[in-house]
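These are my notebook entries on what I looked up in this structure. I begin with strand pairing and then turn to packing and pockets.

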Amino acid sequence: MKKILSLVSVAALALLLAACGGGGDEKDKTITVGASPAPHAEILEKAEPLLEDKGYKLKIKTINDYTTPNKLLDKGEIDANFFQHTPYLKTEKEDKGYKVESAGNVHLEPMAVYSKKYKSLKDLPKGATVYVSNNPAEEGRFLKFFVDEGLIKLKDGVKTEDATFDDIVENKKDIKFNNKQSAEYLPKIYQNEDADAVIINSNFAIDQDLSPKDDSIVLEKAKDNPYANLIGVREGHKDDEKIKALVDVLQSKEIKDYINKEYDGAVVPAK
């Protein structure tokens, strides 16, 4: 009888260990990614069957703001995030101490200026108000539109991507930049005609059925652009097998072809 009980105990232990091992394997084969709705989550949905072919299950956690994804990633609640570019990640790490790094670039969302009142930046009246997001990492990106048009000059030696509003030394039209709102509210401000012009991130524009290519008065140039959107991971994890599989798929020809066809220039593959 003791021998039978012993055999039963051994069998039970073996089943328990097998169950634990199976759970760990399932976790290693599941990739949970926090992403903005459009185009990030849409691109991930397209990547899902490609990852299945590699033996991985993709779980997409849609997040409609810029503050939550790095917080969740830093806590280890998700495996990766897909919503930000290098300048933003740099600012987040400096300000909040997040241990997050890039595993690779995927695409660029050319930012654009929208206006229901004017057809070009040069048409803006003196004292015009331009609404932008409250993202300090993109102040130089906003200003580049006006620097390129010769409407604003920056301090000598300041790179445009590093510039802030305090670096403006000449403002020919006395343009006012309102940066009191989050990026997701900018399409509504544009639709309500509450500003002379609005600079909107392409993901939020697309989400509100705006075409950066067709509806804007100025579209950001893709060449030599430092704002490619990346896959963020916790430091020390970019070489994990499942992260490498994720990045390989997102940088594949299949995904690049999908981006080019689906977004018609509003989103372009990273170079």
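**Entry 1: the sheet.** I first looked up β3 and β12, which pair in the antiparallel sense over three bridges. I took helices (H or I, at least four residues) and strands (E, at least two) as DSSP runs, numbered from the N terminus. Two strands count as paired if DSSP finds at least two bridges between them. The model is predicted, so I note its limits here: local features need pLDDT of at least 70, side-chain atom pairs count only at pLDDT 80 or more, and totals for chains, interfaces and linings use all residues. Residues are numbered from 1 along each chain as its sequence is written, and side-chain values use heavy atoms, with hydrogens and water left out.

Within β12, I found asparagine 229 opposite histidine 85 and glycine 232 as the bridge partner of asparagine 81. I then turned to β4, which is joined to β12 by six bridges and runs antiparallel to it. Histidine 107 also stands opposite asparagine 229.

I recorded the whole as an open sheet of six strands with mixed pairing, in the order β2-β1-β3-β12-β4-β13. β2 (57-62) and β13 (268-269) stand at the edges with a single partner strand each, so one side of each has no neighbour in the sheet.

**Entry 2: burial of β12 and α4.** I checked how far β12 is covered and found five of its six residues buried. Buried means under 20% relative accessible area, exposed over 50%, and partly exposed in between (1.4 Å probe, protein chains only). In helix α4 (residues 86-96), I listed Pro87, Tyr88, Leu89, Thr91 and Glu92 as buried. Their cover includes α3 (68-74), β3, β4 (100-108) and β12; contact here means heavy atoms within 4.5 Å. After α4 comes glycine 97, with a positive phi near 70°.

**Entry 3: nonpolar cores.** I defined a nonpolar core as a set of buried Ala, Val, Leu, Ile, Met, Phe, Trp, Tyr and Cys residues joined through side-chain atoms within 4.5 Å. The largest has 28 residues, and Ile231 and Leu246 have the most contacts inside it. At least two residues each come from β1 (30-35), α2 (37-53), β3 (80-85), β12 (229-234), α9 (241-250) and α10 (253-263). α9 gives the most, with six residues.

Leaving aside neighbours within four places in sequence, I found leucine 246 in contact with Ile31, Val33, Leu44, Leu51, Leu58, Ala80 and Ile231. A second, separate core of 21 residues includes Leu121, Leu124, Ala128 and Phe177.

**Entry 4: isoleucine 199.** Is isoleucine 199 buried or exposed? I found 0% relative accessibility, which means that isoleucine 199 counts as buried. Isoleucine 199 lies in strand β10 (residues 197-200). Not counting residues up to four places away in sequence, those touched by isoleucine 199 include Met111, Val130, Phe142, Phe146 and Leu186.

**Entry 5: the largest pocket.** α5 (139-148) and β11 (218-219) each supply at least two lining residues, and α5 has the largest share, with five.
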